[in-house]
Amino acid sequence: MHEQDLKCSYCQEIFKTLPTTLSPCGWVICSHHINFAEIFCPICPDNHIVLRKNCLTTKNIEIKYLKYNVKDSLEKLDVKLEDMNQIKKDPEHYVNEFFGELINKIDIQRERVKLLVDNHFDEILKKAKASQSECQNRVKSNKNFNDFEYKEFKKKVETFQKTISENQISIESLTNFKNCQADIEKCFSYINELKDSLTDSKIFNITPIKYPIDNDDLFGKLLVSDKKIAENTSQDNFINEGLKPTYSHQIFPIKINQRKVIKAKRHPTTH
Ligand SMILES: [Zn+2]
Ligand SMILES: [Zn+2]
């Protein structure tokens, strides 16, 4: 049996579904490519119409196809049996391998998350430290700061103190106190600005952690689902996929909605 006889003229692969002969041009293709009652011929350049009801199954090709399938399945079964034979000898090893792989994946994910967290904070720290050195470098050229004289301000304070030490209450003292208060405010502002100028007059802050944190979404979660249900559900997704077959890339993702809740077994109560 030549494999060439079993190749679909459209997808150029071994037939994945029953071979069908297109009418009237006679190309033999997998039947799943004809997914509507009427299609444009996928091979002939003149784009003629092919009606599904006019397509034929050629016995000769069908037999070859079925025989090939049986042979292929037998080979696969042989491999499966050998696999099971090995498992039978050491089931503990199989179970350990199975979960070993999962545990490995979990560990890798943990390392990835740690890396992400480290990278995140490394970046933030880098920015903070860069600002720190920029500010350090600017101290020398900060004229106002370098010109600041403690004694000069101390003298001002003494004059303010003098103003309030006067016991006499008069019209002037009203203006004096007002002026004095205003001058003190100016001193406050000046000193604050001077101090702020050392750190670029900017507020630096790290935003707090926002709770609740969705750990599942952030770090990934462990899903446990019934394999049979997961396979059946994903099979449905491949119906009506269009002309291009996706059968060779079938995957069976674990379904979120099939999540099994593991509950502790309750012990029967004795009366
Ligand atoms: Zn095909
Ligand atoms: Zn054709």
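Helix H2 covers residues 91-138. Its 48 residues reach 70 Å from the first C-alpha to the last, close to the 70 Å expected at 1.5 Å a residue. The model is predicted. Of the chain's 271 residues, 4% count as buried.

**Overall layout**

- Along the sequence, the elements follow the pattern β-β-β-β-α-α-α-α-α-α-α.
- Some contacts in the chain join residues at least 6 apart in sequence, and 56% of these join residues at least 24 apart.

- Helix H1 takes in residues 59-89, 31 residues in all.
- At 1.5 Å a residue, H1 should span 45 Å, and its end C-alpha atoms are 45 Å apart, which agrees.
- The number of buried residues in H1 is one, so H1 lies largely in the open.
- In H2, the number buried is zero out of 48 residues, so H2 lies largely in the open.
- Helix H5 runs through residues 171-197 and has 27 residues.
- The span of H5 should be 39 Å at 1.5 Å a residue; its end C-alpha atoms are 40 Å apart, which agrees.
- H5 has zero buried residues out of 27, so H5 lies largely in the open.

**How H4 meets H5**

- Helix H4 consists of residues 150-165.
- The axes of H4 and H5 come within 10 Å and cross at roughly 155°.
- An angle over 145 degrees counts as roughly antiparallel, so H4 is roughly antiparallel to H5.
- The crossing of H4 past H5 is left-handed.
- On the H4 side, Phe153, Lys156, Phe160 and Thr163 make the contact.
- On the H5 side, the contact is made by Asn176, Cys180, Ile184 and Cys187.

**The largest nonpolar core**

- Nine residues make up the largest nonpolar core.
- They are Cys8, Phe15, Leu22, Val28, Ile29, Cys30, Ile34, Val50 and Tyr65.
- Strand E2, residues 28-30, gives the most to this core, with three residues.
- Cys8, a member of the core, is in contact with Glu13, Phe15, Ile29 and Cys30, leaving aside its neighbours within four places in sequence.

- Most residues other than glycine have a negative phi, and most peptide bonds are trans. The following places depart from that pattern.
- The peptide bond from Ser23 to Pro24 is cis, with omega near 10°.
- Pro24 sits in the loop between strand E1 (19-21) and E2.
- A cis peptide bond also joins Tyr211 to Pro212, with omega near 0°.
- Pro212 belongs to the loop between H5 and helix H6 (215-219).
- Asn47 is not a glycine, yet it has a positive phi of about 60°.
- Asn47 is found in the loop between strand E3 (38-40) and strand E4 (49-51).
- Asn47 counts as exposed because it has 8 C-beta neighbours inside 10 Å, and the cut-off for exposed is 12 or fewer.
- Ser201 has a positive phi of about 50°, although Ser201 is not a glycine.
- The loop between H5 and H6 holds Ser201, and Pro212 lies in the loop between H5 and H6 too.
- Ser201 is exposed, with 10 other C-beta atoms within 10 Å.

Methods. Residues numbered from 1 in each chain as written. Chains lettered and ligands numbered in written order. Predicted model: local features only at pLDDT ≥ 70, side-chain atom pairs only at ≥ 80, totals over all residues. Helix = DSSP H or I, 4+ residues; strand = E, 2+ residues; numbered from the N terminus. Buried ≥ 20, exposed ≤ 12 C-beta atoms within 10 Å, placed from the backbone. Contact = placed C-beta atoms within 7 Å. Expected span 1.5 Å × (residues − 1). Core = buried A, V, L, I, M, F, W, Y, C linked by C-beta atoms within 7 Å. Axes fitted to C-alpha atoms, helices over the stretch in contact; angles between N-to-C directions. Parallel < 35°, antiparallel > 145°, perpendicular 65-115°, else oblique. Left-handed = near helix turned anticlockwise from the far one by under 90°.
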